[in-house]
There are 2 protein chains.
Amino acid sequence: MKYGIAIFPGKDLQDLANSLRKRYDPKYALIPPHITLIGDFEANNEEIEEISKKLATIASHYHSIPIKVTKVSSFKPVSNVVYLKIEPSTDLEHLHQELISTLAVNPEHPFVPHITLGQNLSSDEHLDLYSNLRMQNYNFEETADRFHLLYELENGSWTVYETFRLGKE
Amino acid sequence: MKYGIAIFPGKDLQDLANSLRKRYDPKYALIPPHITLIGDFEANNEEIEEISKKLATIASHYHSIPIKVTKVSSFKPVSNVVYLKIEPSTDLEHLHQELISTLAVNPEHPFVPHITLGQNLSSDEHLDLYSNLRMQNYNFEETADRFHLLYELENGSWTVYETFRLGKE
């Protein structure tokens, strides 16, 4: 089964993201707005129980993760993805590093924490969305106190398997 | 904020349900296939932390919940809803009762545990779906070891807030 690890931002950020995703993100209906920590990895039913225990230990190492959003950015020219940029934080970096080394996954891309607003965009769509949003200032500041382990269904949607509260084991 | 409590059945049951929900359930994109324990209730940020603690205590009272599906049924004439019927179990009944009394909610309907396949159906659609499925036998038997607390976003979709593992506090 294919699993992933993500943080769901607060409702306000999710509502903002969804208002744009509805038009610009083909994955709008497949998963709520999220910050991907680990994109995807394979595990069977036994393995995931072991992994789940390890994730609980990792969660206990953190008290909270600051989620600060001030602007929109884009992955172009690598890909036509427009996103809310999460300001770098040492804890978020460490959490990501710890997940990578525990799961022994090799991420394809460097870790740029973000909430996707639009993807698989044509050049015109990208220009439209990005030029509309790039000059706007955002001011979201919250703290995440949990992350989620999810698995993928046949239709490409994601179901939450388990929540890990930070600071708790 | 509006919250709900549900069990997600295993991936096979979810995949089966989604193959029909895609056509027959307008909420297909809003939430994965699920067994509703508490439809919805309002809580603010402080209240939900208290509720969350109570839910952890409730979860600790159960070891596992049998999820057995053998047939499809319908809520007609009350509503044109076709669903996978979950066979009654004492634990599931008790869990539901305990949730109701802890949250002090008054459910509109008696508790008929189910996984919705189609809803808001026209009479023709209902006839089409139900007559196709009612004679089929299903044989799903699994045990749920967790339930989830979710909240609703502006667009009507649901995000998981927390997972409660049965038998654990």
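Tutor: A salt bridge here is a side-chain nitrogen of Lys or Arg within 4 Å of a carboxyl oxygen of Asp or Glu. The model is a predicted one.

Student: What is the N to O distance between the side chains of Lys11(A) and Asp15(A)?

Tutor: Lys11(A) and Asp15(A) are 4 residues apart in helix H1 (residues 11-24) of chain A, so about one helical turn separates them. Their side chains meet in a salt bridge, with N to O at 2.8 Å.

Student: Is Asp15(A) buried or exposed?

Tutor: Buried means under 20% relative accessible area. Lys11(A) has 16% relative accessibility and counts as buried. Asp15(A) has 15%, and therefore it is buried.

Student: Which residue of chain A meets the side chain of Lys11(B) in a salt bridge?

Tutor: Lys11(B) is buried, with a relative accessible area of 16%. Its partner is placed in the loop between strand S7 (146-152) and strand S8 (158-165) of chain A, while Lys11(B) is in helix H1 of chain B, so the pair joins two chains. At 2.6 Å, N to O, the residue is Glu154(A).

Student: How many salt bridges does the rule find across the interface of chain B and chain A?

Tutor: Over all chains the count comes to 20 salt bridges. Across the interface of chain B and chain A, the rule finds 8.

Student: Which element supplies the largest share of the side of chain B that touches chain A?

Tutor: Helix H1 (11-24), helix H2 (45-60), strand S7 (146-152) and strand S8 (158-165) of chain B each supply at least two residues of that side. The largest share is 7 residues, and it comes from S8(B).

Student: How much area do chain B and chain A bury between them?

Tutor: The contact takes 28 residues from chain B and 28 residues from chain A. In chain B, Lys11(B), Leu153(B) and Arg165(B) lose the most area to chain A, together 23% of what that side buries. Carbon and sulfur atoms carry 45% of the area buried between the chains, which is about 2200 Å².

Student: What kind of axis relates the two copies?

Tutor: Chain B is superposed on chain A by a rotation of 180° with 0.0 Å of shift along its axis, at an RMSD of 0.0 Å. The two copies are thus related as by a two-fold rotation axis.

Student: How many residues apart are Arg23(B) and Asp128(B)?

Tutor: The side chains of Arg23(B) and Asp128(B) meet in a salt bridge at 3.7 Å, N to O. Arg23(B) is in helix H1 of chain B and Asp128(B) in helix H4 (residues 123-133) of chain B, so the pair links distant parts of the chain, and the separation is 105 residues.

Student: With which side chain does the side chain of His126(A) make a polar contact?

Tutor: His126(A) is found in helix H4 (residues 123-133) of chain A. At 5% relative accessibility, His126(A) counts as buried. Residues that His126(A) touches include Lys76(A), Asn80(A) and Leu121(A). The polar contact, at 2.7 Å, is with the side chain of Ser74(A).

Note on methods:
Residues are numbered from 1 along each chain as its sequence is written. Chains are lettered from A and ligands numbered from 1 in the order in which they are written. This is a predicted model: local features need pLDDT of at least 70, side-chain atom pairs count only at pLDDT 80 or more; totals for chains, interfaces and linings use all residues. Side-chain values use heavy atoms; hydrogens and water are left out. Contact means heavy atoms within 4.5 Å. Buried area is the accessible area (1.4 Å probe) that two parts lose on being put together, summed over both. Copies are superposed by least squares on the C-alpha atoms of residues with pLDDT of at least 70 in both. Buried means under 20% relative accessible area, exposed over 50%, partly exposed in between (1.4 Å probe, protein chains only). A polar contact is a pair of N or O atoms within 3.5 Å; within protein, one must be able to donate a hydrogen and the other to accept it, and residues adjacent in sequence count only if both atoms are side-chain atoms. Lists of a residue's contacts leave out its neighbours within four places in sequence.
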